[in-house]
Amino acid sequence: MPALFYKEWLKLRPVLALLIAGTLAFSVYLFLSVRHQFRIEHAEMLYYQANHIGRLFYEDLRYVPLVTGVILAVAQILPEVQRGRLRLSLHLPIGLAPLVLAHLLIGLAALGVILALDLAVLALTIGTFFPAAFVASAVTTALPWMLAGVAAYLGGALALLEPDRRVQAANLVVTAGVVWLCHLSRQYGAYDHALWGLAGLVALMAPAVLLPAHRFRDGGGR
Amino acid sequence: MTHGAAITVDGLIHRYGPRTIHDGLGFQVHEGRILGLLGKNGVGKTTLIKILMGFLAPSAGTCRVLGEPSHALSAATKRRIGLVFEGHLAYDFMSIREVERFFSAWYPKWRRDVFHDLIDRLGLPLTHRIRHMSEGQRSQVVLGVVMAQDPDLLILDDYTMGLDAGYRRLFLDYLIHYARAGRKTVLVTSHVVQDMERLVDDVIFLRRGGRVLHTSLADFMATFRHYHLPHEAVPHALPDAGETLHAVEREADGGVSIFAFHDRATVDAALRRQAVDPSALEERAMTLEDAFVGYTGRY
């Protein structure tokens, strides 16, 4: 199993470096953007806007995890399915389920690092300019966006591994639906009571990836 | 020296929708033998090799590789099988050193000496990435990986694809030496039939309609014959192929080639029965490629 981590590290390290660099660049942008707001308006007015009107000062973060998830899925899975290269891995002396789940685990771990960085940047930025109570609110507001990133990654893996075009289209529709649910509301705390249910729904996409992998092995591979 | 069966195919049926590719196919590959799977495009060679490699579940029948169903191999059995995929599939993002580090972790019997013997001949640094290699260089890395695994059975799907004559010869020389010295079982397909003559012990010819001939190469070359009837001696209507005459084909110069599993006297008699004078008939020597085309037909 460590060999699989080694392979995935070799494959993903360029894109991980780019994603981390992108996240750092975004964090600088977010920080400067919020600071700019505080330079041109009174802090009390901004607290009021955040607290009573529900203005999000970090909405630019909303689709960043989604894009990160898609990029990571493509970077990890596309090289495996191009020319049926997944057959190399499928012939390794390991079962199909542990092989596929280990790949997902590695991808999710890499995604987790980037998303944790996103949340840390958010918490740091909000904590710098707003009272402490706003930090928890910002993080819980952004958590569904993080789940959208996970759904995008798993949906990307589902669609890329699927050898049947019709099922592939169905997978994309289901993924779009889950992502849509994660972005249904932009209100503070809108998902406070639905977050675990949403996380459960996204988690169900992980074992589903075994199905296209089976279909690939049993005749869909090119 | 042969022992048990490394591959057993029995009653194999495979269909793509309404189209039947194999209908009751059966054969065995004995341990230590090198078998060439030959056939023209569209006869189900790729389908069969996919089934044998475990990447296609057959519609019906059994296909056992080293005693296990080919599409449900245990990890231990997969470790004993080396696969070379068409196009020399490899992880393009790895360097030579990374390829070895990755694959050697899975195979306890990893033969570092075998791997480096092949790799050293490339004259490339170990940091060289696969994606920057030519097809020929990549084929050497792939062969090195498979040989270093020290498998009992090798399955190679059209290893010649994309290789120039030099790399094809290099690949073949190594494969022959490795398989013979290690008494490996090998199943190989190739579009370059002439290579098979040096490599294989046995051949399976797949023909349209699911017809199969499984024989030793020596027997096939000893019994399958090519006769030629010059243009002047050819009647207007070509003799019919049938029980005695396996195939009858008109050549570009107007002469006729007749292929048969029979001696001259038997072929003469068959021609006379069709009112064809066989006195100008002459037997011609054949390479395996000639015999392959004669047996499977040009069209």
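Predicted model: local features only at pLDDT ≥ 70, side-chain atom pairs only at ≥ 80, totals over all residues.

**The chain B side of the interface**

Reply: Happy to! For the complex, the predictor gives an ipTM of 0.87 and a pTM of 0.88.

Now to the contact itself (heavy atoms within 4.5 Å): chain B brings 30 residues and chain A 24. Together they bury about 2,700 Å², 65% of it on carbon and sulfur atoms; buried area is the accessible area (1.4 Å probe) lost on putting the two parts together, summed over both. F55(B), L89(B) and W106(B) supply 26% of what chain B buries against chain A, more than any other three residues.

The rule also finds two salt bridges across the interface, meaning a Lys or Arg side-chain nitrogen within 4 Å of an Asp or Glu carboxyl oxygen. One of them joins R85(A) to D92(B), with the closest N and O atoms 3.3 Å apart.

As for elements (DSSP runs: helices, H or I, of at least four residues; strands, E, of at least two), α2 (75-78), β6 (81-84) and α3 (96-104) of chain B each supply at least two residues to the side touching chain A. The largest share, four residues, comes from α3(B).

A note on conventions: residues count from 1 along each chain as written, while chains are lettered from A and ligands numbered from 1 in written order. Local features need pLDDT of at least 70 and side-chain atom pairs 80 or more, whereas totals for chains, interfaces and linings use all residues, and side-chain values use heavy atoms, without hydrogens or water.
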